[in-house]
Amino acid sequence: MLELVQQITNGVAIGSVYVLIALGLTTVFGILGIAHFAHGSVSMFGGYLVYVLVAFQGVSLWLAIPVALVVGMGVGALIEFLAYRPVRNANHINAFIIALGLTMMVEGLNLQFFGADQVVIPTGFDRVFEIAGVTIPETRLYVVLAATVLVIAMTAFVEGTKTGQAIRAVAQNRDAAILMGVNVRSIPLIVFAMSTMLGVAAGVMVGSLFAIAPGVGEAMVVKGFAVLILGGLGSIPGAIIGGLVLGVTEALAAGFLSSAYKDVIAFVVMIVVLLFRPQGLLGGAK
Amino acid sequence: MTLTRKNGLLYLAILVGLIVLPSFISVKYYLHLSVLALIWVIVAQGQNLIQGFTGYVSIAQAGFMGIGAYGTALLGLNFGLPVWLTILIAPLITALFALVAGYPSLRVKGHYFAIVTLAFNMVIFIVLLNLTDVTNGEAGLMGIPKPGAGRDGAIDFADRTTYYYLVLIAATGVTALAALIVNSRLGRVLVAIRQNETLVGAAGLAAWKYKLFAFVVSAMFAGFAGALYAHYQSFINPEIFTIAQSMDAVLAVILGGSGTITGPIIGAFAIVFLPEYLRFADSFRLVIYGLILILATIFMPRGIVGLASDALGLLKKRLAR
């Protein structure tokens, strides 16, 4: 029983990372209709950046993270402007192939700049809390807290601000939004900046919880999409619940079945959901 | 894309060129690359069916190659079945997997299909890596026999030039089959799905059956290519059946020209030879490769074949004046 609670607790921490990845993907998909496959690799770039700043430049973690988040916003906007904008009106396959090309490029650049070794961001949070027999490492606690704060902040931004309103308007009806005077050229830039910022945050979390290495980004983005399929495409609450469900399922599978095959779980869950609820767990009937 | 006499002449020219190619190659290594390129032609023709004609990007082709390669190798090594038989069984095994994976995956459209197939490739890789009792894990399988009766047989398939012609026959057969499919009513339905899937449904056709057909056939091609690859190299490990190789298949179709028959042939040669010429770039290779993919998608979405036919059209206009 205790083991079960322990695994679920572990799962919530991993799940928080998935939620952040999936939130970035779902905003880009829901609003712009782009399956931004390079998201995971860009997230890992953010994680590497924090690692280099902290481990080699001696920058404090509290400075390195905001710097990486701001750089992430810039990178996101740049990607939208240079890579996706030219194929805005082309077939959706073109945008997806651009995304594949971007993934190769970002993975290649990561390899070039940061090497092929796996790295762990030194956080200095080494304490381990024990609550009613369940051990919770300090880092995991902060990850869950940070993810919660970011999710609330993003929801507040999208729901409560004028820009957020414009974003939702574009998502609902692009033409009507143009007629109402929304600057639709700047919306994709903002969406990509926001989404990449969330991705970088997730990358930092992966780097401090586990490790960053070549290929981790791709695995992350696949899980991110699995979460979207699980929760319903383009749905923010779906991404949150889907992320947590996947995280907990994986932790349980790793703890009770086999850790070698835990990555297969995301796929199995995805296939099962597609078979029985193609619209996702929270998606309405089509 | 009807089979006009001009197209026929073009195909014949390509075929003749490929037949005489080995006599112009003095460096063995280039012959090796040409064999690989022909194997990739088979993969690319399959990829083109699902990606170029039907409009669904599948990123599982390398995984399917893996199933075909391991299928033929394991049948040969464990049960001592004749090589020719296992090469023919391999695509059928692959088709079975594709059927199981394709049925649920094809319920989602566009990008999500790509993601699901990609995840499927990851699963194949993880299983090949971890099912060590059967696949020997990371170390891979060695000593996969060559077809024919080996060096004692009438034809020595261990000889590189001989294997080249074997693969050329296979690639020609597969290309002909692909051409046959796309020029039939079936092919026209596939194109219709790419252009407007809703309309296909409205016309009373069960689009999912056609999509599944294209997907399974594309997987069979890949499985067949994987089998030919396994016997050619005599050695396989999971490393060569990852998403990166699946991306090569996507790239081959885009670069060559999607939705054409000649495109995948040119694209396959491009993706095998291009990295060789990018060797100087070393670890920047991946970056350059990605950049080429992006630039090709933005500036020549119809690929090399599209570019060539545009240039040819322009030239004709000039000459006609």
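Start with the contacts of chain A: among those between residues at least 6 apart in sequence, 76% join residues at least 24 apart, a contact being heavy atoms within 4.5 Å. This is a predicted model, where local features need pLDDT of at least 70, side-chain atom pairs count only at pLDDT 80 or more, and totals for chains, interfaces and linings use all residues. For your selections, residues are numbered from 1 along each chain as its sequence is written, chains are lettered from A and ligands numbered from 1 in the order in which they are written, and side-chain values use heavy atoms, with hydrogens and water left out.

**Chain A, zoomed out**

Now switch to cartoon. You get 11 helices and 2 strands in chain A, in the order α-α-α-α-β-β-α-α-α-α-α-α-α. These are DSSP runs numbered from the N terminus, helices being H or I with at least four residues and strands E with at least two.

**A helix pair**

Select 39-55 and 61-84 of chain A, which are helices H2 and H3. They pack at about 145 degrees with their axes 9 Å apart; axes are lines fitted to C-alpha atoms, for helices over the stretch in contact, and angles run from 0 to 180 degrees between N-to-C directions. Show the side chains: H2(A) brings residues including A:Phe45, A:Gly46 and A:Leu49, and they meet a set in H3(A) that includes A:Ala64, A:Ala68 and A:Val71. The contact of H2(A) with H3(A) counts 14 nonpolar residues, 1 polar and no charged (nonpolar: Ala, Val, Leu, Ile, Met, Phe, Trp, Tyr, Cys and Pro; charged: Asp, Glu, Lys and Arg; polar: the others, Gly among them).

**Salt bridges**

Side chains of opposite charge can pair when their charged atoms come close. How many salt bridges does the structure hold over all chains? There are 6, each a side-chain nitrogen of Lys or Arg within 4 Å of a carboxyl oxygen of Asp or Glu.

- Pick A:Glu80 and A:Arg85, bridged at 2.9 Å, N to O. Both are buried.
- Jump to B:Glu197 and B:Lys211, also a salt bridge, at 2.9 Å, N to O. B:Glu197 lies in helix H9 and B:Lys211 in helix H10 of chain B, so the pair ties together parts 14 residues apart in sequence. B:Glu197 is buried at 15% relative accessible area, and B:Lys211 is buried at 3%.
- Then try B:Asp310 with B:Arg302, whose closest N and O atoms are 3.2 Å apart. Here B:Asp310 is partly exposed at 42%, and B:Arg302 is partly exposed at 47%.

Go back to chain A and select A:Ala132, in the loop between strands E1 (128-131) and E2 (134-137). A:Ala132 has a positive phi of about 50 degrees although it is not a glycine, and at 72% relative accessibility it counts as exposed.

Last stop: B:Asn136, in the loop between helices H6 (132-135) and H7 (160-182) of chain B. B:Asn136 is not a glycine either, yet has a positive phi of about 65 degrees. Its relative accessible area is 43%, so B:Asn136 is partly exposed.

Terms used:
Buried means under 20% relative accessible area, exposed over 50%, partly exposed in between (1.4 Å probe, protein chains only).
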